[in-house]
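Please read them with the structure open.

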Amino acid sequence: MELDQLRALAAVVDNETFEAAAGELRLTPSAVSQRIKALERSVGSVLVRRLKPVRPTPAGEQLLRSARQLLLLADEAVLALRGREPSEADDDGAPRPSAERLRVPIVGNADSIATWLPAAIREIALGGRVALELLRDDEHATADLLRSGDAVAAVTAEPRPVQGCTVRPLGSMVYRAKASKEFVDRWFPEGPTPAALAVAPVMQYDRKDSHQLALLARVAPEAAPPQHFIPDSVQYVESVHAGLGWGMVPDQQDPEGALVELDPAWSEELRLYWQVWTLDSPGLEEVTRAVVRAAARGLTP
């Protein structure tokens, strides 16, 4: 296996077409296809399904994670050499800066991206070494992107380390059942009783969001209220403020306490962890330090 073949595999899967991968690699689609075919001959397996969008086969998924690790280390080595101090052969005696950055894809949950994680992103971007690709998924699903190789690190609710990764606790986000005062006056005049919860509209982030339904299953198991789906963390909270429904809101998104808490006993603590590939990579270490610092400032210990 050669690095250019592995890079072609990653590019085709990431871009989902041979044409888009060719544009990223500055090759022709035919050249990309030839590299994939050579790699498939080398390993003796079909690695991608040639459909639109392109998808890896099980063998391709198995190879892809190792390929991404090799490519990250190779890219980091090349960038380090390009940014080395000048040798005696250099004419002007000035350092030779690299015009490129190390691409590091990480994944986080929407509420982290909307609250405490941007501080880490700013620190990483200003550091000048890393070009961050931020992916988004539910905190209970982010670890799957580590397993597939789509991300090299993740903010996750999974405390058990994914194979080949290290894990460290970041802190907690505390969610509270909240609504606007006008919503409470209209729908819960006698409090959030099971009967009221059965008809009061509830805000949902998306189909993976389990916060509200888990609470209803506990306090009003027969309730089946109308649900509004707003798949954006900021717009979700704004919709709660606007009175569209009640929802579980993290403390970080209602710091002034403008919303009404339905019942203090209904709070939920979400513990978050940082999982990262176990690689000797200065770039990954830099990302980890920034994330840990931001979590210490923005999360509950």
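**Notes on the predicted model**

1. Start with helix α10. Its buried residues pack against β6, α9 (194-197), β7, α11, β9 and β11 (268-277). Packing here rests on contact, meaning heavy atoms within 4.5 Å. Helices (H or I, at least four residues) and strands (E, at least two) are DSSP runs, numbered from the N terminus.

2. Which residues of α10 are buried? They are His211, Gln212, Leu215 and Leu216. Buried means under 20% relative accessible area, exposed over 50%, and partly exposed in between (1.4 Å probe, protein chains only). Seen down the axis of α10, the buried residues fall within an arc of 125°, so they line one face of the helix. The arc is that of the directions from the helix axis to the C-beta atoms. Ala217 and Arg218, on the other side of α10, are exposed.

3. A word on the basis of these values. This is a predicted model: local features need pLDDT of at least 70, side-chain atom pairs count only at pLDDT 80 or more, and totals for chains, interfaces and linings use all residues. Residues are numbered from 1 along each chain as its sequence is written, and side-chain values use heavy atoms, with hydrogens and water left out.

4. Confidence comes next. pLDDT is the predictor's confidence in each residue, from 0 to 100. The protein averages a pLDDT of 90, and 94% of the residues score at least 70. Over residues 85-99, however, the pLDDT is below 50. Beyond near neighbours in sequence, that stretch has 13 contacts in the model.

5. Helix α11 (residues 233-241) also has a buried set: Ser233, Tyr236, Val237, Ser239 and Val240. Viewed down the axis of α11, these residues fall within an arc of 155°, so they line one face of the helix. They pack against α5 (110-114), β6 (165-179), β7 (202-204), α10 (211-219) and β9 (247-250).

6. Look at proline 169 in strand β6. Is this residue buried or exposed? Proline 169 counts as exposed, at 64% relative accessibility. Leaving aside neighbours within four places in sequence, proline 169 is in contact with Leu272 and Tyr273. Valine 292 is 123 residues from proline 169 along the chain, yet their C-alpha atoms are separated by 8.9 Å.

7. On the aromatic side chains, the count comes to 2 pairs. Rings of Phe, Tyr and Trp (its six-membered ring) pair if their centres lie within 6.5 Å; planes under 30 degrees apart count as stacked, over 60 as edge-to-face and the rest as tilted. Why is the pair of phenylalanine 183 and tryptophan 187 tilted? The ring centres of phenylalanine 183 and tryptophan 187 are 6.0 Å apart and the planes are at 35°, so the pair is tilted. Phenylalanine 183 and tryptophan 187 are 4 residues apart in helix α8 (residues 181-187), a separation of about one helical turn.

8. The other partner of phenylalanine 183 is phenylalanine 188. This pair is edge-to-face, at 5.9 Å centre to centre with 70° between the planes. Phenylalanine 183 is buried at 3% relative accessibility, and phenylalanine 188 is buried at 4%. Tryptophan 187 is partly exposed, with a relative accessible area of 24%.

9. The charged end of arginine 207 sits over the ring of phenylalanine 229, 4.2 Å from its centre. The rule requires NZ of Lys or CZ of Arg within 6 Å of the ring centre and within 35 degrees of the ring normal.

10. Now the backbone. The peptide bond from lysine 52 to proline 53 is cis, with omega near 5°. Proline 53 is found in the loop between β1 (48-49) and β2 (55-56).

11. Positive phi values also deserve a look. Glutamate 16 is not a glycine, yet its phi is positive, about 75°. Glutamate 16 lies in the loop between α1 (3-15) and α2 (18-25) and is partly exposed, with a relative accessible area of 32%. Arginine 26 has a positive phi near 60°. Arginine 26 lies in the loop between α2 and α3 (29-43) and is exposed, with a relative accessible area of 77%.
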